[in-house]
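Here are a few exercises to work through with the model open beside you. Try each one before you read its solution.

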Amino acid sequence: MGGSYFRNLTFMLIVTVLLLGFSHIESGNAKRIGRHWRQSRNAADSLSKKKGKSHHSSNAGKSKHKTPSPKPPPPPPPPAVVVSAPLAPPPATGPKGSPPPPTAPPTDKGGGYSPVGSTVLNVLNFGAKGDGISDDTKAFQAAWAAACKIEASTINVPADYVFLVGPISFSGPYCQHNIVFQLDGVITAPTSPSHWGSGLLQWLEFTKLVGLTIRGSGTIDGNGAVWWQNSPYDHDPLDDQSKLIFPSNGSLSQKPPIPVRSSLGGKMPSIKPTALRFYGSYNVTVTGITIQNSPQCHLKFDNCIGVSVYNFSVSSPGDSPNTDGIHLQNSKDVLIRSSTLACGDDCISIQTGCTNVYVHNVNCGPGHGISIGGLGKDNTKACVSNITVRDVVMHNTMNGVRIKTWQGGSGSVQGVLFSNIQVNEVQLPIVIDQFYCDRSSCKNQSAAVALSGINYENIRGTYTVKPVHLACSDNMPCTDVTLTNIQLKPQQERYHMYDPYCWQTFGQLNSPTIPPVGCLMVGKPSSNKIQGDSDSC
């Protein structure tokens, strides 16, 4: 029994040891399996999250759950000053289904909301009424003050409105560059004397600006009739060329009546304003617009460099006094082209201080033609050089191409070309007059502005008084005057026809002329006066 008991006890001990060892082995395996399962799950979760992000970016449209469409960027805040401007192109979007990237908010540059591109300032948003009755001068001043702060901004004068604007100056020199004045409506001048005081020299003036452009399809209306009917001829003498046209038998009244009349009341000042003037400015452009019925000169450039005028119109009656179309003074690098000018004085007037002026493809008439001068008035010095006028049509004008100087002046005109000029019913197609005088009488003086290098070529058409009038100074004859392919025939109506006239004019005939201009002296004068240093330019 003792032996049997011992054997049973030993067996139980062995079984217990075996059970304990098996349990330990299973526990270790379980721990290793659990640890591996947790690591695998964590990795799977991480991968799932990464895949989810990638999946959302590239396959959001394939999700089982419908997602809301992306919201557009919020609208910009309302501007302090309402303006109109071209909209920027829509921002580029990312992959399909992703929202567009956010856009930067617009910046306010002082004139209101300014999106990408030019800032446009509508005068209506500055208080202008545009009814032709209310005074909109202050609204235009406010719009200019805002535009002045923003480079390449645009002032918009919209179509279908008439803006009554009094005398105003759009001034630099502290304005930003390249401002655009978009004129599609009508700007009209006041007809009440109270707006003009004792008289002003200009109505709309732009001074000391860089890169200014006036463009559009609109009109500047000077309401000149109320000025012309009240203007005595003491202030507006007839063009002196009338002495070459009208008979000298006393049948012509010294002060013929002006047929232009207006029902508008009130006596206007004797000093009449230019409609649109530029002073001291660089790179100025005027295009598309019309100026009509200016009290005096329509468009003037004074002390400007880099002027471009094209597709421009002037419209005033042929008997409106002293209403030059375009007036240039002390300006250089000027281009005038593709324009129609109808007025009561010179279509284009080129005064002292002008150089590098190019005029082409211009229609002129009615008017007094295209003139250089008058120069040297009141014994002043005048300098004009490098002037080209070509491809011009003139109809029913007093003169064709003319140079006029006063006795007693000094300086010079040199390097002038008049080419390809078509004249129709023009009284005096070719004129040099160094005895110009728009008074009842002028003092005879020996000093004169020197004229040299004056070239006329391809001038043809019809005249009604005299084909050529070349009257040069006794003491300072004209030199190097050339005539090439001149064909001028009489219109045979109204006035007696005169033969070509020359006085102290030296140069050359490069081809036969119609009619013959035998009075032009070939070569140079034998005793030509040499200009002193004070006279040269």
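Strands here are DSSP runs of E with at least two residues, numbered from the N terminus. Keep in mind that this is a predicted model.

**Exercise 1.** Find the cis peptide bonds from Gly 172 to Pro 173 and from Gly 373 to Gly 374, and place each in the fold.

*Solution.* Start with the glycine pair: the bond from Gly 373 to Gly 374 is cis, with omega near 10 degrees. Gly 374 sits in strand S23, which covers residues 370-375. Now the proline: going from Gly 172 to Pro 173, omega is near 5 degrees, again cis. Pro 173 belongs to the loop between S7 and strand S8 (180-183).

**Exercise 2.** Classify the ring pair Trp 144 and Phe 170, and say which parts of the chain it ties together.

*Solution.* The whole structure holds 12 aromatic pairs. For this one, take the two values you need: the ring centres are 5.4 Å apart and the planes stand at 65 degrees. Planes over 60 degrees apart count as edge-to-face, so the pair of Trp 144 and Phe 170 is edge-to-face. Next, look up the elements: Trp 144 is in helix H2 (residues 137-147) and Phe 170 in strand S7 (residues 168-171), so the pair links parts 26 residues apart in sequence. Both Trp 144 and Phe 170 are buried. Finally, zoom out: they form one aromatic cluster together with Phe 181, Phe 206, Phe 278 and Phe 301.

**Exercise 3.** Which residues touch the most other members of the largest nonpolar core?

*Solution.* This core has 101 residues, and Phe 278, Phe 301 and Tyr 456 come out on top. Take Phe 301 and skip its neighbours within four places in sequence: its contacts include Phe 278, Val 284, Val 286, Ile 326 and Leu 328. His 327, Gln 329 and Ser 331 are also among them.

**Exercise 4.** What lines the largest cavity?

*Solution.* The count gives 1 cavity of 30 Å³ or more, and the largest cavity has a volume of about 30 Å³. Its lining is made of Phe 181, Ile 187, Leu 204, Phe 206, Ile 214, Ile 220 and Leu 276. Sort those residues and you get 7 nonpolar, no polar and no charged.

**Exercise 5.** Are Asn 293 and Asn 311 buried, partly exposed or exposed?

*Solution.* Asn 293 has a positive phi of about 55 degrees, though not a glycine, and lies in the loop between strands S15 (290-292) and S16 (299-302). Its relative accessibility is 23%, so Asn 293 counts as partly exposed. Asn 311, also not a glycine, has a positive phi of about 50 degrees. With a relative accessible area of 44%, Asn 311 is partly exposed.

Notes
Residues numbered from 1 in each chain as written. Predicted model: local features only at pLDDT ≥ 70, side-chain atom pairs only at ≥ 80, totals over all residues. Heavy atoms only, no water. Core = buried A, V, L, I, M, F, W, Y, C linked by side-chain atoms within 4.5 Å. Buried < 20%, exposed > 50% of the residue type's maximum accessible area, 1.4 Å probe, protein only. Contact = heavy atoms within 4.5 Å. 1 Å grid on protein atoms, 1.4 Å probe; cavity = no way out; pocket = protein on both sides within 12 Å on 5 of 7 lines; lining within 4 Å. Points joined across faces, edges and corners; volume = space filled by probe spheres on them. Nonpolar A, V, L, I, M, F, W, Y, C, P; charged D, E, K, R; others polar. Phe/Tyr/Trp six-rings, centres within 6.5 Å; stacked < 30°, edge-to-face > 60°. Helix = DSSP H or I, 4+ residues; strand = E, 2+ residues; numbered from the N terminus.
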